[in-house]
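Q: Got a model here with a ligand in it. Can you talk me through what surrounds the ligand and how the fold is laid out?
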Amino acid sequence: MSKQKFAKESVTIMTEMVLPNDTNTLNNLMGGRLMHWMDIVAAIAAQKHCNRIVVTASADSISFKQPINLGNVVTLRSQVTRSFNSSMEVFIEVTAEDIPAKKKIMTHRAFFTFVAVDQNGRPIEVPELVPESPEEKELFEGALRRRQLRLVLAKRMKPEDAIELKSIFNLDDK
Ligand SMILES: CCCCCCCCCCCCCCCC(=O)SCCNC(=O)CCNC(=O)[C@H](O)C(C)(C)COP(=O)(O)OP(=O)(O)OC[C@H]1O[C@@H](n2cnc3c(N)ncnc32)[C@H](O)[C@@H]1OP(=O)(O)O
């Protein structure tokens, strides 16, 4: 890879307020709207890392444990966890805040993968990512296993080639 960049250089924070047009008939934030915001905040982090056009390649499982209510302030924080050849894994954390009630809860966490492309949509190399803090190092370490899992599920990698993934299940060939 041509260049190195620190993980913290990609940190992106986006704040939204849940308005009536964002909600379902129960006055809760619609999942699709949240996923749209997550895609944008994660794409900006990926762009900060590689200074290139990026496309969303995949979004890992997102579960909706708690509803986010009309009037809540939603903060989305994203950061690139690791880069590979042309792809970057981005971690997104979502918190919802009821400011008058002084209540703030973490509602969602997810990993998205973006690929840097040239003007013709062809994948291009991205800078290496350097983690510094203990949290960044932990995310960096886990990224290889998560990548192998998503590539196996997308039928882009043979399960037997997912060496790091197999090792956590003690499935190494004897
Ligand atoms: C400077 C600051 C400015 C800030 C201010 C700008 C603000 C800016 C805001 C923009 C906010 C909106 C941004 C939304 C972005 C979209 O929503 S884009 C629209 C949705 N996405 C698409 O249309 C993508 C469609 N797919 C594709 O074009 C191609 O499949 C891809 C992703 C380019 C991959 O192409 P390919 O020919 O399969 O290439 P291949 O060489 O096999 O694989 C390339 C890489 O993709 C990875 N990959 C492929 N499939 C997958 C998969 N399913 N899962 C994981 N990885 C995969 C491969 O592992 C490989 O990774 P590396 O080993 O190179 O690291």
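Q: Which element gives the largest share of the shell around the ligand?
A: S3 does, with 5 residues. Strands (E, at least two residues) and helices (H or I, at least four) are DSSP runs, numbered from the N terminus.

Q: How far can I trust the details?
A: This is a predicted model: local features need pLDDT of at least 70, side-chain atom pairs count only at pLDDT 80 or more, and totals for chains, interfaces and linings use all residues. Residues are numbered from 1 along each chain as its sequence is written, and side-chain values use heavy atoms, with hydrogens and water left out.

Q: How many residues surround the ligand, and which are the closest?
A: There are 23 of them, the closest being Gln47, Asn85, Ser86, Ser87 and Arg156.

Q: What sort of residues are they, nonpolar, polar or charged?
A: The shell divides into 11 nonpolar, 8 polar and 4 charged. Ala, Val, Leu, Ile, Met, Phe, Trp, Tyr, Cys and Pro count as nonpolar, Asp, Glu, Lys and Arg as charged, and the others, Gly among them, as polar.

Q: What do Ser86 and Ser87 reach on the ligand?
A: A polar side-chain atom of Ser86 lies 2.6 Å from a ligand oxygen atom. For Ser87, a polar side-chain atom is likewise 2.6 Å from an oxygen atom of the ligand.

Q: How much of the ligand is buried by the protein?
A: 58% of the 1,300 Å² that the ligand exposes when taken alone. Those areas come from the Shrake-Rupley method with a 1.4 Å probe.

Q: Which elements give two or more residues to that shell?
A: Helix H1 (31-50), strand S3 (53-59), strand S6 (103-117) and helix H2 (134-153).

Q: Changing topic: what order do the strands of the sheet come in?
A: S2-S4-S5-S6-S3, 5 strands in an open sheet with antiparallel pairing. Two strands pair if DSSP finds at least two bridges between them.

Q: And why is one side of S2 and of S3 left without a neighbour?
A: Strand S2 (12-17) and S3 stand at the edges of the sheet, so each has a single partner strand.

Q: How many bridges join S2 to S4?
A: S2 pairs with strand S4 (residues 73-83) over 6 bridges, in the antiparallel sense. Thr12, for one, has Ser78 as its bridge partner in S4.

Q: Last one: how many helices and strands does the protein chain have?
A: 3 helices and 7 strands. From the N terminus on, the order is β-β-α-β-β-β-β-β-α-α.

Note on methods
Near = heavy atom within 4 Å. Polar contact = N/O pair within 3.5 Å; in protein donor to acceptor, adjacent residues only side chain to side chain.
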